Amino acid sequence: MKYLDEYRDAGLAQGLLEQIRSAQKHPWVLMEVCGGQTHSIVKFGIDDLLPSGIELVHGPGCPVCVTPLELIDKAHAIASRTDVIFCSFGDMLRVPGSECDLLTVKSRGADVRVVYSPLECLKIARKHPDKQVVFFAIGFETTAPANAMLVWRAKQEGLENVSVLVSHVLVPPAIEAILDSPWNRVQGFLGPGHVCAIMGFREYEEISARFKVPIVITGFEPVDLLEGVLMAVRQLEEGRAEVENQYVRAVMRDGNTAARRIVSSVFEVCERKWRGVGPIPQSGYRLRTEFEAFDAERRFDVGAIDTQEPAVCISGEVLRGIRKPHDCPAFAKECTPAHPLGATMVSSEGACAAYYLYGRHLKPGNRSTEGKAAQTG
Amino acid sequence: MCLGIPGQVVSLESAGGLRMGKVRFGGVAREVCLEYVPEVALGDYVVVHAGFAISRVDEQEAARTYQLLEEMGQLTELDEPDTETGPGQVERPGEKAR
């Protein structure tokens, strides 16, 4: 496929690896922010191909992972109602709440449907005027325009049987929280390409200047990721700290203005709790007052739900790049993708689940890196 | 979750008050909302996420980047010595350790 296959080219990847080897003189710790990038890195074994002086740690960029447990429990309470058709992206179906996952709720008779686009909820709502159609609106900035359009159109059409359960989180406040931490080890970031396709990267310029940290807005294919690493390493070796854009074919400095306009009409910034991390100020979206009639939490009044995470789980530290999945005593033992104990195991884009899926059960020194280099497509 | 797939716009239409179109990914075509890429024309490539085109792929930038990367790869290959002891051999960091 065009714009996909060429960015998985083994020859290009080898060339970039050579450049990285000659550019790198000192040890550096880089964080890829987005869960999609983490998945690519582990899938293609990119971290194993890099010189040993460059460590990649995995960031908090998986919205499925960081959706708080109590919100998942609320989703289950709403989905279980007989008057509700509950719609969700497929990623959320297997994420366990306190008692079970959405798939189990469905098997008990609830009408739970997977949608590819939030706009499908409009069709369902028109077809079933006697039912309440609720959409689980989760995601980062990348997904916000799609979810905002659902609410925008529902209001325009006067579809009163549509509502959204919102769990929207934002990337820049999470990066700031990581950099502010006294345990921070991250010296440079691979920024989230698709988040920036929407939002642009002016906010990242402020962060880069304030914390004197290089941020390279990066794509998702192996060649993109290696070029992102090369650009970040060059900045660090030359003592520069600025925002550079590796993903020029899809990202502009101001992002997508049409999308941002709808997002800021429908949503406003608020504090959000991140699973495994806790509350971060100004780190998410909620519906603006003009759209609060579409808020499922108000419409169904599910109340406050108390939840408890297992004490053994270190996902909070994994999400902030302080520890790796195999540092956890429960990893691949009592905690697996089928029975996750915490945030980073619940979705395939979480660092723990990616490590589990691609056989990273051992620390780097204890596993073979052979055979990974040729895996390019 | 933030997965975005590049595909080619193969039809433009209006549906439910929105600018929609069909986008082809390899052999599969899907209906996609094009409201956020008003500049897009038939034949353009877009990055699609959750049923929405979130960005038009800048073909010139893509071609330029690809060419740069390719040249970089070729230059590295030219650096590669033909024989162990050939004249003009370039010694690179880490080479002795290998």
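I started with R360(A), which is buried, with a relative accessible area of 1%. For the cut-offs, I take buried as under 20% relative accessible area, exposed as over 50%, and partly exposed as in between (1.4 Å probe, protein chains only). Before going on, I noted that this is a predicted model, where local features need pLDDT of at least 70 and side-chain atom pairs count only at pLDDT 80 or more, while totals for chains, interfaces and linings use all residues. Residues are numbered from 1 along each chain as its sequence is written, chains are lettered from A and ligands numbered from 1 in the order in which they are written, and side-chain values use heavy atoms, with hydrogens and water left out.

**Entry 1: salt bridges within chain A**

What does R360(A) form a salt bridge with? I found D48(A) as the partner, with the closest N and O atoms 4.0 Å apart. The pair links distant parts of the chain, 312 residues apart: D48(A) is in helix α3 (residues 46-49) of chain A, and R360(A) is in the segment after α16 (351-357) of chain A. A salt bridge here is a side-chain nitrogen of Lys or Arg within 4 Å of a carboxyl oxygen of Asp or Glu. Helices (H or I, at least four residues) and strands (E, at least two) are DSSP runs, numbered from the N terminus. D48(A) is buried too, at a relative accessible area of 17%.

Next I looked at E297(A), which forms a salt bridge with K74(A); their closest N and O atoms are 2.5 Å apart. Because E297(A) lies in helix α14 (residues 296-300) of chain A and K74(A) in helix α5 (residues 69-79) of chain A, the pair ties together parts that are 223 residues apart in sequence. E297(A) is partly exposed at 25% relative accessible area, whereas K74(A) is buried at 12%.

I then turned to R21(A) and E18(A), a salt bridge with the closest N and O atoms 3.0 Å apart. The two are 3 residues apart in helix α1 (residues 10-23) of chain A, so about one helical turn separates them. R21(A) is partly exposed, with a relative accessible area of 26%, and E18(A) is buried, with 13%.

I also noted a network of salt bridges that links E238(A), R240(A), E242(A) and E244(A). My search of the whole structure gave 26 salt bridges over all chains.

**Entry 2: where chain A meets chain B**

How many residues of chain A are in contact with chain B? I have 48 residues of chain A in contact with 44 residues of chain B, where contact means heavy atoms within 4.5 Å. The two chains bury about 3,900 Å² between them, 67% of it on carbon and sulfur atoms. Y3(A), L12(A) and Y116(A) supply 17% of the area that chain A buries against chain B, more than any other three residues. Buried area is the accessible area (1.4 Å probe) that two parts lose on being put together, summed over both.

Across this interface I found 1 salt bridge. E31(B) forms a salt bridge with K123(A), the closest N and O atoms being 3.9 Å apart. As for secondary structure, α1(A) gives the most to the side of chain A that touches chain B, with 7 residues. That side divides into 28 nonpolar, 9 polar and 11 charged residues. In this grouping, Ala, Val, Leu, Ile, Met, Phe, Trp, Tyr, Cys and Pro count as nonpolar, Asp, Glu, Lys and Arg as charged, and the others, Gly among them, as polar.

I checked one residue by itself: R153(A), in helix α8 (residues 144-157) of chain A. R153(A) is buried at 11% relative accessibility. Leaving out residues up to four places away in sequence, R153(A) touches L122(A), G16(B), G17(B) and L18(B).

**Entry 3: cysteines**

I counted 0 disulfides over all chains, a disulfide being a pair of cysteine sulfur atoms within 2.5 Å. For C328(A), the nearest cysteine sulfur is that of C313(A), 6.2 Å away. C328(A) is buried, with a relative accessible area of 11%. C335(A) is in no disulfide either, and its nearest cysteine sulfur is that of C313(A), 6.2 Å away. At 8% relative accessibility, C335(A) is buried.

**Entry 4: helix α2**

Why is helix α2 (residues 35-44) of chain A largely enclosed by the rest of the structure? I put it down to burial, because 9 of its 10 residues are buried. Among them are H39(A), I41(A) and F44(A). After α2(A) comes G45(A), whose phi is positive, near 65°.
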